[in-house]
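Have the structure open as you read.

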Amino acid sequence: MKRAQYPGHVVAGLLYDARFADACAGRDMGAVFRMLNHRGVSTRRLAEPAGISQGRLYDYMNGKRRVEKLSVFEEIADGLRIPGRLLGIASRPWEPQPPPSGIEAQTAPAGDDVSVVTTFREADKAAGGGRLYQAVPHHSTRRSPGGSSIPKAMSKPSGEAAAFSEMAGWTAHDSGRDALAARHFQRASHLAHASGDWSSAGNVAVGISHLALQTGDPSKAAHWAAAGPDIAARGPTPGSAR
C-alpha cells in the first residue's frame, strides 16, 4: 500500500512544475487537488487542512464547483502550504520573508577577512565543521583590556563579514547545532543584503535552504533554493570571499 503523503511536502516538490503553476495561476483548485491526490495525498489530508468537507473537495475535483471566495483561497494556501504568489494572493504569514535592507552590522572579523574565511573553508573541507566551530565565531571578536570578548565595531556592513557569518553557520550545522546555524545564516543574510554583496546573499540563501531541508521544512527549503539564483543575479559582487 502506498504511504499517504503530507500535502506540504508534495506541494514543495511541485513548486516549479509548469502544470501546477498554471493550475494555481488559473485558480483551478480542482486541478490542484487532483495533482496532489495523484501523488499520494489522500482526500482526507487534502480536505482537513484546507478547511473544506470531502464532499465539497470531490465537487472541486470533478469540476462541479470552483473556489471563488478569497477567504477559501487563503485557507487552502495556508493548509496545503501553497505560496500566495502562485494563487495571486498576498504572501502568507508562514512564508519566509527576505531580510530587510539597511541593517547595520554589529560585529566583523578582524584581520585579512578574505584570506581568513578562505582558510577556514579549506580547513572545514579537510577536518569537518565539528572541530572548527569554536574557532570561527571566536575570530570575529577581539579581546578587551579586561580579557572579555567584545564585538569589533564596523563602520559599514561588508561582504567579508557576511561570508564569515555564513561560514559560522555551516560549521555550526556540521557540529549538530542547527538552531545556532540558523541564527548565523540569518545574520549573514542581513549583512550581505545591507552591503549589496548579492553573490554572498545568494550563497547564504543556499545555506538557509539546505538547513530547512535538513530540519524538515521542505516548503522553506524550496523557497530559498529558488531565491538564491535570483538574489545572486541582482548585481556585481563588491568583495565576496568566494
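By class, the largest cavity is lined by four nonpolar, two polar and three charged residues. Here Ala, Val, Leu, Ile, Met, Phe, Trp, Tyr, Cys and Pro count as nonpolar, Asp, Glu, Lys and Arg as charged, and the others, Gly among them, as polar. This is a predicted model, where local features need pLDDT of at least 70, side-chain atom pairs count only at pLDDT 80 or more, and totals for chains, interfaces and linings use all residues. Residues are numbered from 1 along each chain as its sequence is written, and side-chain values use heavy atoms, with hydrogens and water left out.

| Cavity item | Value |
|---|---|
| Cavities of 30 Å³ or more | one |
| Space in the largest cavity | about 60 Å³ |

A cavity is a set of points, on a 1 Å grid over the protein atoms alone, where a 1.4 Å probe fits but cannot get out; lining residues have an atom within 4 Å of a point. Among the lining residues are Arg-81, Trp-94, Ser-219 and His-223.

Let's follow Ser-219. Ser-219 counts as buried because its relative accessibility is 13%, with buried meaning under 20% relative accessible area (1.4 Å probe, protein chains only). Beyond its neighbours within four places in sequence, Ser-219 touches Gly-8, Ala-12 and Arg-81, contact being heavy atoms within 4.5 Å.

Gly-8 and Ala-12 are both buried in H1, a helix with six of its eight residues buried.

Terms used: Buried < 20%, exposed > 50% of the residue type's maximum accessible area, 1.4 Å probe, protein only. Helix = DSSP H or I, 4+ residues; strand = E, 2+ residues; numbered from the N terminus. 1 Å grid on protein atoms, 1.4 Å probe; cavity = no way out; pocket = protein on both sides within 12 Å on 5 of 7 lines; lining within 4 Å. Points joined across faces, edges and corners; volume = space filled by probe spheres on them.
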